[in-house]
Amino acid sequence: MFLRNVGALIAGGSVLSVVGVLSSRLFAQQGDYFWQIDPNKCTQCGRCEKSCVLPISAVKCIHAVKVCGYCDYCGGYFRQNAKNLTTGAENLICPTGAIQRKFVEDPYFEYAINESLCNGCAKCVKGCTSFGNGSLYLQIKQDLCKNCNECEIARVCPSNAIKRVELKIPYVLKGGEE
Amino acid sequence: MKSFLLIAIITSFSLLTLAENRFPKPDFTSGYQYPIHHYDVPLEGMWIYLDIFILVLLMSLVAWATVKRAVRWPIIVTSVFSVTYFGFFRHGCVCSIGSIQNIALALFDSSVVVSLPIILFFTLPILFTILFGRVFCSGVCPFGALQELVHLKNIRLSKALSVLLSIVPWIYLAFAVLFSITHSGFIICRYDPFIGIFRLGGEMPIIFLGLVLLVISMFVGRPFCRFVCPYGAILSIFSRVSLYKIEITKLGCINCELCHNACLVDAIEYPYINNVKENRMKGVYRILSYLILIPMLMVIGALIMRIGSDSFSRYNKTVRLYEVVSNKDIERPNNQTLEEDAFYGHGGTKEMLAQEVEFIKDQFKLYSTYLGAFLGGVFGLSLIGLSLKRTRKSYTINEANCVNCARCFSYCPQNKLEQDNEME
């Protein structure tokens, strides 16, 4: 009985000391708890679409409007070999029709992402980065993300672009948006 | 001079921005306003604290039911609730089993901060175990609860097989810690068999593994808890010293064997009278041989793991990339993988990568050695545990194995007697 109490005391003490050490660190500095994509590292490989544990990936395309050139011929909207620049599906890059464009004034068009349609395939991001200002980029939507202990897309990301970020800045935004 | 510098900096910055924007910013004449985008913040905050509240509540309920009242219905209620809430509703992240890796990582790498919920998910079940035994395993853990609920008929495994298989959790634990502290990945989360079932989706092999485990657990008591779960292995150490122990009956055992037959996890040991009288010298030799055996097994384990460390390190992404990069000229001259594209695209060089890989491999070597010694020790201790014969007068609970499922209570005729007395 005595041995048992001593054992319980040692066990409890060691556990509590571990907790003490770890929680003192918790209060000393801000922890990084939420997964996010660094758009500067992203290579638009398309794995975000397929590897997220959710049926439809929590990764969505975000449009930095202040970086956008509002062009008529948009590298993120039209396919490279589009026959004519109309809104026919055969000319568009987005497989789900999530990018919608609206005429603003000659010669500018506004582009907007319908996030409920976007599946994070990064095709438009690739187009916009290779022929455009790079205003389209991928981010993990924090209201959709399950915040898995090991993020499946972080594991398969070829450029290690997915890292944990703080609660205060849950998005890594591109220029002109801060 | 200072202003000169300033101008230089400003021009370089403007050049940079020019280089970034291939197309100029439009000047709108129609008074167009930029649309404002709203970024949704994480919802976690509230849920996480609700999770912890429910965790404590359920564990208290199980402790009350098993240690104080000796009834089983709260276990069923807890199991159903836990499977629906922690499993199907919260999708099982973060769980206590996975939190081992976060805690291990934080203990070895002081720059890693573990969030409060993870610390609590790791420690609260351990603290409850020190007090009341493995009440967490009983039905609070959604994995245990799921296996408990699907169980139909018990086919008892042979003692040799179950002892051999119960080494597996320790090996799993050692590798989980190894890969976690070398920043290579969380294998407990990756190969979690039930998460696919709870999320109703995921990788096919993992879901299949989960279904196979579920079918097995219909006929074998809690295969995951006993033969896979590393957190159960940790809890089994603490439950040995628990303060308030579970008792099959308060009236005293009549050695009827019913509880032993009812137990799914082989946690009730039959009475045994040790008639072999050992002389003093023989006993001393036996203990000495144990003292030699354990360090020997530790050294062997350490050596085996050290030899294997090079192949273990291939689980690390950077090591794999290095292998691809350094074998490139020989194998596939034209065809680049996405990893290589990203690596060269960001200006990585082979030398930098080689340095990094060397560091990772050194880490693997060091920690593999320690963990090998640890595994050798575990192996030795379980061998000794098998060879020890203690006299037991009645059926007793082996606290390390007992998961507080409360099955045995209703099988005990003494409890029935007590109930009848209460009725009258």
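The side chain of A:Ser135 reaches the side chain of A:His63 in a polar contact of 3.3 Å. Please keep in mind that this is a predicted model.

Let's begin with the surroundings of that serine. A:Ser135 sits in the loop that links helix 3 (123-130) to strand 5 (136-140) of chain A. Apart from neighbours within four places in sequence, A:Ser135 is in contact with A:Ile62, A:His63, A:Ala64, A:Val67, A:Cys68 and A:Cys128.

Strand 2 runs antiparallel to strand 5 of chain A, and five bridges join the two. Within this pairing, A:Val59 has A:Ile140 of strand 5 as its bridge partner.

Now over to chain B, where B:Gln414 lies in helix 22 (residues 413-423). When neighbours within four places in sequence are set aside, the contacts of B:Gln414 are B:Thr249, B:Leu251, B:Gly252 and B:Ile254.

| Residue | Relative accessible area | State |
|---|---|---|
| A:Ser135 | 3% | buried |
| B:Gln414 | 13% | buried |

The cut-off for a buried residue is under 20% relative accessible area, so A:Ser135 at 3% counts as buried, and so does B:Gln414 at 13%.

Conventions:
Residues are numbered from 1 along each chain as its sequence is written. Chains are lettered from A and ligands numbered from 1 in the order in which they are written. This is a predicted model: local features need pLDDT of at least 70, side-chain atom pairs count only at pLDDT 80 or more; totals for chains, interfaces and linings use all residues. Side-chain values use heavy atoms; hydrogens and water are left out. Helices (H or I, at least four residues) and strands (E, at least two) are DSSP runs, numbered from the N terminus. Buried means under 20% relative accessible area, exposed over 50%, partly exposed in between (1.4 Å probe, protein chains only). Contact means heavy atoms within 4.5 Å. A polar contact is a pair of N or O atoms within 3.5 Å; within protein, one must be able to donate a hydrogen and the other to accept it, and residues adjacent in sequence count only if both atoms are side-chain atoms. Two strands pair if DSSP finds at least two bridges between them.
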